[in-house]
Amino acid sequence: MSVSDFATVWTLSRQRLVETISDLNEAQLNWRLHGQALSIGQMAVHVAGVEVSFAFQLLGLELDDDAERLRSAAADGVVNEKPSPFSDSELTPQRVQELLAFAKNLLTPVMTDPSPELLAKEIVSALGVVITGEGALARLAIHPAYHQGQAYLIRTSPGFPG
């Protein structure tokens with residue numbers, strides 16, 4: 001798989017995630033299959049958080065407070081015992097779309113035109129594993145698709161708000 005393939009897969013998988021959740025209201029974004037499950041809104045913000053985390057590390061940028069909060073959604077409430085950095089009341093359709101758009105705007109140049117140095121750079125994934133920039137692009141390419149599938153299953157589950 002070439003580096004340009006990562007961008008193609010990321011663009012498609014991310015678009016499908018956004019399409020799967022774009023018509024949901026606040027109650028639907030925050031509904032959970034069970035008490036320990038992530039809501040669709042939390043999953044979407046987690047995707048944006050991973051994208052922000054990788055982009056800031058790869059680009060060597062400093063995080064402001066808002067970006068740091070979003071970056072923390074990569075792991076907090078998902079792969080560790082910390083609470084989600086965003087409350088259910090904050091996960092409105094508009095806010096979720098804004099966070100996804102912020103991450104997309106930041107990550108698009110990284111995905112579409114990475115330098116050899118960026119591809120070789122070592123960063124830390126949300127799971128704590130050290131990976132290269134190329135490894136980050138591979139993970140980023142498929143990550144939205146994983147959560148798009150989960151979102152589809154949740155929204156088609158019995159009991160999902162109408």
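Mentor: Histidine 147 has a relative accessibility of 5% and therefore counts as buried, a term that means under 20% relative accessible area, with exposed meaning over 50% and partly exposed in between (1.4 Å probe, protein chains only). Histidine 147 belongs to helix H7, residues 133-155; helices (H or I, at least four residues) are DSSP runs, numbered from the N terminus. Leaving aside residues up to four places away in sequence, histidine 147 touches Leu17, Met43, His46 and Val47, where contact means heavy atoms within 4.5 Å.

This is a predicted model, in which local features need pLDDT of at least 70 and side-chain atom pairs count only at pLDDT 80 or more, while totals for chains, interfaces and linings use all residues. Residues are numbered from 1 along each chain as its sequence is written, and side-chain values use heavy atoms, with hydrogens and water left out.

Now the charged pairs. Side chains of opposite charge can pair when their charged atoms come close. The structure holds six salt bridges, each being a side-chain nitrogen of Lys or Arg within 4 Å of a carboxyl oxygen of Asp or Glu.

With a relative accessible area of 52%, aspartate 23 is exposed; arginine 155, at 26%, is partly exposed.

Another salt bridge joins glutamate 90 to arginine 69, with 2.5 Å between the closest N and O atoms. This pair, too, links distant parts of the chain: glutamate 90 is in the loop between helix H4 (65-72) and helix H5 (93-112), arginine 69 is in helix H4, and the two are 21 residues apart. Glutamate 90 is partly exposed, with a relative accessible area of 27%, and arginine 69 counts as partly exposed at 28% relative accessibility.

A further salt bridge connects arginine 95 and glutamate 98, whose closest N and O atoms are 3.6 Å apart. Both residues lie in helix H5, three residues apart, and are therefore separated by about one helical turn. Arginine 95 is partly exposed at 29% relative accessibility, and glutamate 98 is partly exposed at 35%.
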